[in-house]
Every structure is written in C-alpha cells, then in structure tokens.
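Subject: A structure to look through

Dear colleague,

My notes follow below it.

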Amino acid sequence: MKGSDERLFFEHDLATPFNNLEGAKYLLERLAQDQGGDAAEALEIIGRSSRTLQKMLYWYWEIRKVEESYEPSPPWSARRLHEAACKEIAGNSLPLQEPASRGPIEAVTLSAPENDLVVALIGAGLSFQAASGMEAAWEICAVGGVIRVSFKVEGAASELDPASFFRKAYHPRKEEIRGRFDAGLPYLTAILSKSGGGRELAWSGNETRLEIWLG
Amino acid sequence: MDATWGILIVDDDQDALKICAKYLEDKKYRIVTARDGNEALSLFEEDLFHAVITDMVMPGLDGMGLIREIKKRNQRAAVIMMTAFASINTAVEAMKAGAADYISKPVNPDELRVKVAKALQQYSMDEEFQLLKLKAVSQGTEEIIGESAALRKTLNLITLVAPRDVPVVLAGESGTGKDLAAKAIHKASSRARGPFVAINCAAVPETLLESELFGYAKGAFTGAYGAKKGLFEEATGGTLLLDEIVDAPPSIQGKLLRVLQDGEIRRLGSTKSTPVDVRVLAATNRDLRQAIASGQFREDLFYRLSVVTIPFPPLRERKEDILLLADHFIKKHGPSINPLVRGIMPEASEKLTGHSWPGNVRELENCMKQALVVAMGSVVAAEDIRLASVPSGQAMTESSGDLTALGRAEADFYRDYFERVMRRAGGNVTVAAAIAGISRKNVYEHLRRTGLDPAGFRRGE
C-alpha cells in the first residue's frame, strides 16, 4: 500500500460524511419547502456523520503525530509487549485472542513507545481479523534477535486476490473499528517506518498471515 | 404510471445510498439500492437496469470491478462513478472500463440529476441506433416493420445476437417474419459477404434432404454421374437457414448434430469428411420442447442449436403494429396494384386492428393486396377489407391457413368486386366493363359465375 493510496482512502472516507451532511441539509430544505423532507431521517444522518468525522479525524491526527513528532523511548524488553497486549485485550474486552509467546522474547529490546506500539499491533490485528472474517491466532516470538508478530487465519485469503485482501485489512469498514484502536494497520505502518521494522501479508497453502517484524 | 428507467445505486454507506435515492426521486425512475458490488451484480442479473450509479471503494467487488462486470453483461447500461477520488487518473480509468460519467462526492443533487438524465438519453440513443442499424442491414431484403414493445424486444435480441457467431433458433408462428430476421442476422454478421442459403426441411423428402444438405459423391446412387456439393458446402463462409427444423427426419437430425459438433460434413456415398464453416440458423413454428417431449426432435440437437432462441410475437400480440404494417403494404404494393390508394379509412383501420390475424404478417399483406385491388377511391374502405373468418386468437398453420384463405379469397374477391362495380355502374354492363377494363363479354361471364343479376342493380337492389 503506497502512501498516496492511503491518502486517497482517507479522502474517500472523509468525503462520505460530508456528502451525507449535504444530503441531510437537502432533506431539511425539502421539509422547509413542504416538499416531503424527513426531519427524523436527517437528524439520524447528521448524528452518524458527525461520529464518523470524529473517528476519522482521530485516525488522521494519530498518524500525523507519529509522522511529525515521533520520539523513540529508552530500550525496553519485548516481554512487556506480550504482557501489555494481554492486559489491553482483557481490559477492553476486545474480540481478539491473547497472543501466544514463543522463544526468548524478553531478550529482545524495542525502542518504539510501548503504549503506541501495543495499540497499533492490536488495531492491526483487529483490521486483519475484520478483513478475513475469521478469528485470528496471534503469536509473538523472537527470531534471530528480532521480534516477529504474526496474526494467522486458515484459508481466508485464498478466495480474495492479495490486493483486495490487503486493502480490506488496511482500510477496515467503519463499523468494525473501535476507539483508540481505530487507526489500525496504517497507524502501525507509520510507527514501523519511524522505529524500524516491517509488515507483510503472506499466505501459503491454506493459511493467511499478517507478519510484522519489530526491532 | 410505470417508471420508465431502472436505476441501481451502489454504495457501502447506507446513508449515502438513501440520500442518492432521494436526490433522484422521480416518477420516471425505479430506484433500487445495493450495499456492495457483489449484491449489485446479483440484482443487475435479475432485473433490467438502464443506469448504475456506483461508489468506488467498497468491500468485495469494488466500483471499478463492478463497471467491468456490468459492461460484460449489458454494454449499453450507463454507469456513473461516484467517488471522492476526484483525480484525473481515476476518471480516466473509470471511463476506460466503460463508465459513462463521473461525479465527485459530496454529490451536488442538480449535477447528479443532469448526469443521470444525460446518461439515460445516451442509452436511449444507443438503443435507437442499434434498431436503425438493424433496419439498415435488413434493407435490401425487406424491412422488419413495427414499433411495439414485443417486436422491439425481438429486434433488440436480433441486434445483440447477429454479430456473435453462434447458432440461433427463430421461434414463432408462420408469417411472423422469421425468414426476414434470418436474412437480417446474416447481413449484420461478419459473414455478410458470404452466401445466405435456406432450405425448408418440411418441403423436401427425406431421401432428397440428405443429399441436398450434405451433397453426394460420384456413384453414390443410381444417376449420380458426378459429385455434387450440398448446401452446407454451398453456404461455407456464410449462413444456412434450416426452416421448419422440427420436420427434419431423425436420421437427418443425427447428421446435423454431428456437423454442429465436428464442423465437418460427409457427402452421401463418400468416406471423406470435408470441413465446413457455416453459421446455422434454425426456424420453427412449433414448440421445440414439446417436439422433444413427443420424441420428434432430438434434445442434444436442440441444445446445440438453441444457444440463443429468439421468439417472434404473433401479430395479435402486437396490435399497435397492424396499421403501420398496413400502411407499409399500401406503399409497397400500391404502385403496381392501385396507385390511386393513399391511405386507410378509420372504419377500415378498426376492422384491421380488430382481427386476430392467425396468418400473421403474411395474412395481413395478402389482405392489403386484395384491398388494393378492390379499392375504388384514394383510401381503403372497410368493405375493401376481406378477412378470413377464423375464430379470434386461434392460430392456423401455414399450410392449411394460407391455402384456405387464398381459395376462399378468390371467389369472395370476384363476387365482391363485381358487386361494387355493378353498383357503381348502375347495372349498366357497358359502364361496368369500362370501369373494370375488360370486355362486356367478360363482365357477363363473371356475373354468371358469381351469381349476380345486372337487373337487380338497375332496380337499386
């Protein structure tokens, strides 16, 4: 996903609530002119559109913050990543499995801000899960001095072309994103571009994975 | 009033869908909405939509993919891309994929209405153009006349099917124009420069039909002093119309199936196969499925032939075309039969439209020819129209119907004609002979045959 594509998606989704607000105005104008407008309908549209705008601006704000004022934190053990992820999932009752850990993850240190990274990983996992429509298995392991985070589902991507699947994972439907995890995979991408690391959507046989390298 | 235009709106945002539908509220439009490309495609396949307004970014099948899929299914459907991607690149890509227009979000309702109206106008013009094209290619054979919805549907199908090199079944009662359509299909196809060959399978005995279709080798039978090409070979590079296909005997049906499967024929008495490149059209005035059920027609041949079946509506189901056709036949036959006639009296029109026309267009053409013969003034009057007395709605077959009508028509015509001539002449045989342009002796002969008494006309009976 190129940065320009990401901006286009943002522009598209931003245009929809503005479009709907214009539509609500049209309904109210028709009502005022006694041409059969619908006030209740218009008010509902205004409410939904303003909530969508709120979410989108949060998304945009968070990513811009990372892009413009990212500050690395002092090195910290990746063991805390596992613990913090489990705590967030349980504390927010998120529909995501707790990560399994494998290998000496505590031996690897990370420099991305802990809280931001945890939120970004969980957001990415939720996006990936929403795109596949299946519950993802989450694993954090240490491989050759780096941390590999993987979300895995069975078979989901085989029916979709890679570009379409990735776009769905990158750009989840509005009703499937939640609170501060709304920024999802684009937010993780922004953090990785500053702190080092990478992410990739991969599949083999009957398995689809979102692979992330940290450190 | 039924909505004229079907419009499908596609957007994954429920509010955007509702608003777009509100913007387009109009009696002329029948609006249907879909939440994504796949749902839109299912709806598009089930119903007739003239225009599709689609968002671009949607889960599953996106807007660009949807345009491509819709264009595969109906080239004429107008697609308007509705998106926030107000970039030239996206617009160009959408247009390349077949979009008719492009509108940016937030949508301006006036702009949307104008673009939709423009796209539908284009749709309408495309449809007219296709019909004109078909009419143009059918010129030189004969025009297919009519503006009824039923005929337009048939003409649309012919236009769609003509350029595609597939077998076609033309199904309809006798006299509905299947032969004209076959010629039009040939002329509008890539085979137009090749030959058009037709054979009536019911009119040729079984023994002859095989050699007619497939030819024969020298010495194949007594009297086969030389080899002869069959119609399949004659039609190579062109089109072969197999008329009354149901009447082809079972042995011939089997051979036809092999030709369609293998693309080659074997002449009677020959062991060598010859490749043939022929488009086969089959016409029938009977229900092929019923013929299959009764064992008269091979099911496997039916499936080979009926890649597309074009139904031809009987004239009684397109009454609005009757007067157009009648007028056409006056123009066509008037100059040679009765150049004075220019039109039809209202009472005559009523008589024409009230008839069930079991012999369809052919019967109407014969009727108008007769009317032209007997018409005395510049218009065809009700009494000039002689109709076969077949119960309304009852179709007759070509063989029995036309022969009965013609046999009766001859006697009816003379009686009617000389009755009118004698009335006009006031019973004076000399005047009647002058009107009819024949000798007095001939007038007397006709009066004798028709049982008319000149004295009765002098008395004003």
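Which residues of α1(B) are buried? They are Asp15(B), Ala16(B), Leu17(B), Lys18(B), Ile19(B), Cys20(B) and Tyr23(B), where a residue is called buried if 20 or more other C-beta atoms lie within 10 Å of its own, exposed if 12 or fewer do, and partly exposed in between, with C-beta atoms placed from the backbone. Because 7 of the 10 residues of this helix, which covers residues 14-23 of chain B, are buried, the helix is largely enclosed by the rest of the structure. Helices (H or I, at least four residues) and strands (E, at least two) are DSSP runs, numbered from the N terminus.

Please keep in mind that this is a predicted model, in which local features need pLDDT of at least 70 and side-chain atom pairs count only at pLDDT 80 or more, while totals for chains, interfaces and linings use all residues. Residues are numbered from 1 along each chain as its sequence is written, and chains are lettered from A and ligands numbered from 1 in the order in which they are written.

Confidence

The model scores ipTM 0.70 and pTM 0.50. For chain B the mean pLDDT, which is the predictor's confidence in each residue on a scale from 0 to 100, is 84, and 90% of the residues of chain B reach 70 or more. Within chain B, confidence is highest in strand β2 (residues 29-34), at a mean of 95, and lowest in helix α16 (residues 398-424), at 64. Over residues 391-405 of chain B, pLDDT stays under 50. Where pLDDT is low, the predicted coordinates should not be read in detail.

Chain B

Chain B has 19 helices and 16 strands, and 38% of its 461 residues count as buried. Two residues are in contact if their C-beta atoms, placed from the backbone, lie within 7 Å; among the contacts in chain B between residues at least 6 apart in sequence, 73% join residues at least 24 apart.

If residues up to four places away in sequence are not counted, Phe232(B) touches Leu213(B), Phe214(B), Leu240(B), Val259(B), Ile265(B), Val276(B) and Val278(B).

A cis peptide bond, with omega about -5°, joins Lys105(B) and Pro106(B), and Pro106(B) lies in the loop between β5 (101-104) and α5 (109-138) of chain B. Glu244(B), although not a glycine, has a positive phi of about 50°; this residue lies in the loop between β10 (239-243) and α10 (250-262) of chain B, and it counts as partly exposed because it has 19 C-beta neighbours inside 10 Å. Trp357(B) is not a glycine either and has a positive phi of about 50°, but with 28 C-beta neighbours inside 10 Å, Trp357(B) counts as buried; it is found in the loop between α14 (346-354) and α15 (360-374) of chain B.

The sheet in chain A

In chain A there is an open sheet of 5 strands, in the order β2-β4-β5-β7-β6, with mixed pairing, where two strands pair if DSSP finds at least two bridges between them. At the edges stand β2 (100-102) and β6 (197-204) of chain A, each with a single partner strand, so one side of each is left without a neighbour in the sheet. Strands β4 (residues 137-143) and β5 (residues 146-154) of chain A run antiparallel and are joined by 7 bridges, and the bridge partner of Ile140(A) in β5(A) is Val149(A).

Where the chains meet

The contact between the chains takes 18 residues from chain A and 14 residues from chain B. On the side of chain A that touches chain B, α1(A) gives the most, with 13 residues.

With best wishes
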